[in-house]
Amino acid sequence: MIRQAALPDLLLEPLVRAALHEDLGQNGDITTRTVIPAETRYTARLNAREAGAVSGMQIARIAFHLVDPALQIETLIADGSPCVPGDTLMTIKGSAAAILSGERVALNFAGRLSGIASLTAGFVAETKGTQTRITCTRKTTPGLRMVEKQAVIHGGGSNHRFGLSDAILIKDNHIAAAGGIPQVLNAAKASVSHMMKVEIEVDTLDQLSQVLETGGADVVLLDNMSTPDLIRAVEMTRGHLVTEASGNMKLERIAEVAATGVDFISSGALTHSASTLDLGLDF
């Protein structure tokens with residue numbers, strides 16, 4: 001697992017505030033306000049109910065503190081760490097009403113993000129003994145890309161570009177619209193900043209040959225290629241381009257693809273198909 005410095009709370013608070021507004025609505029937590037005396041204090045424990053990789057503890061803390069800054073919160077298992085059933089990840093002490101009001105938002109974020117981190121950790125484990133790294137894609141929940149990509153890092157993976165403005169990624173539709181591989185690469189070479197990376201997608205070894213002949217790319221995305229073609233593509237590009245294998249990259253194929261020698265394997269499944277890790281808040 002990767003223990004990386006946390007993002008500034010300032011970046012995460014708007015996401016958490018929006019989620020709390022959605023949950024609390026115009027009238028707040030009317031159940032808690034009705035049945036729990038305001039002076040009631042309690043200690044709650046955020047516990048893991050299955051094994052996985054932890055992510056979302058920073059966000060859970062923010063959620064509880066936005067409801068009540070006086071809550072005393074201790075994170076016992078940090079983001080980027082493994083957990084097993086029965087582990088207490090966090091304790092929250094103070095107003096029982098505040099804890100109950102922030103509970104669902106905190107658990108929704110923590111469970112979702114821990115699920116992404118856990119799936120990523122499973123992918124990373126399949127690359128053991130190779131130099132291949134696992135990376136995510138832009139197939140994220142709208143509005144939550146920042147935290148979902150952070151969860152990938154917590155699982156031991158790495159991040160692809162965050163958005164359309166981060167890098168030039170020329171895909172098959174760009175090539176078709178522009179008229180061919182030489183056309184798109186020559187256009188990129190003519191206008192790209194020296195600080196901007198250029199990646200191009202290819203489906204065949206013939207297309208890869210065109211990329212190598214034309215020049216101008218830094219990274220090649222090898223899309224939906226067979227394992228023998230990936231092996232050949234790595235041989236063709238060695239020392240010239242960073243290689244990224246993509247397309248239907250599921251857990252059961254990762255070890256085989258990593259063994260081809262590609263530099264990266266990208267998978268949208270890390271964020272769009274991860275199951276929520278079972279976490280609970282126990283009083």
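## Briefing: side-chain contacts in a predicted model

Arg232 and Glu235 are joined by a salt bridge in which the closest N and O atoms are 3.4 Å apart. The structure is a predicted model, and the count of salt bridges in it comes to five.

- Arg232 is partly exposed, with a relative accessible area of 41%.
- Glu235 also counts as partly exposed, at 47% relative accessibility.

- A salt bridge connects the side chains of Arg61 and Asp9, with an N to O distance of 3.0 Å.
- Arg61 is in helix H3 (residues 57-67) and Asp9 is in helix H1 (residues 9-24), so this pair ties together parts that lie 52 residues apart in sequence.
- Arg61 is partly exposed, its relative accessible area being 23%, and Asp9 is likewise partly exposed, at 26%.
- Another salt bridge is formed by Arg49 and Asp282, whose closest N and O atoms are 2.8 Å apart.
- This pair links distant parts of the chain, 233 residues apart: Arg49 lies in the loop between strand S1 (41-48) and strand S2 (52-53), while Asp282 lies in strand S12 (residues 279-282).
- Arg49 has a relative accessible area of 44% and is partly exposed; Asp282, with 28%, is partly exposed as well.

**The largest nonpolar core**

- The largest nonpolar core contains 67 residues, of which Leu46, Leu89, Leu185 and Ile200 touch the most other members.
- Helix H4 (residues 96-125) gives the most to this core, contributing ten residues.
- Setting aside neighbours within four places in sequence, Leu46 is in contact with residues that include Met57, Ala60, Leu89, Met90, Leu107, Leu279 and Leu281.
- Among the other contacts of Leu46 are Asp87, Thr88 and Gly280.

**Polar contacts around Ser246 and Ser266**

- Ser246 is located in strand S10 (residues 242-246), and Ser266 is located in strand S11 (residues 264-266).
- The side chains of these two residues, Ser246 and Ser266, are joined by a polar contact of 3.0 Å.
- The side chain of Ser266 makes a further polar contact, of 2.7 Å, with the side chain of Glu244.
- Ser246 counts as buried because its relative accessibility of 13% is under 20%.
- Ser266 is also buried, with a relative accessible area of 2%.
- Not counting residues up to four places away in sequence, Ser246 touches Leu221, Leu222, Asp223, Asn224 and Ser266.
- With the corresponding exclusion, Ser266 touches Thr135, Cys136, Thr137, Glu244, Ala245, Ser246 and Met249.

**Aromatic rings**

- The charged end of Lys149 sits over the ring of Phe162, at 5.3 Å from the centre of that ring.
- One aromatic pair is found when the whole structure is searched.

Key:
Residues numbered from 1 in each chain as written. Predicted model: local features only at pLDDT ≥ 70, side-chain atom pairs only at ≥ 80, totals over all residues. Heavy atoms only, no water. Phe/Tyr/Trp six-rings, centres within 6.5 Å; stacked < 30°, edge-to-face > 60°. Lys NZ or Arg CZ within 6 Å of the ring centre and 35° of its normal. Core = buried A, V, L, I, M, F, W, Y, C linked by side-chain atoms within 4.5 Å. Buried < 20%, exposed > 50% of the residue type's maximum accessible area, 1.4 Å probe, protein only. Helix = DSSP H or I, 4+ residues; strand = E, 2+ residues; numbered from the N terminus. Contact = heavy atoms within 4.5 Å. Salt bridge = Lys/Arg side-chain N within 4 Å of Asp/Glu carboxyl O. Polar contact = N/O pair within 3.5 Å; in protein donor to acceptor, adjacent residues only side chain to side chain.
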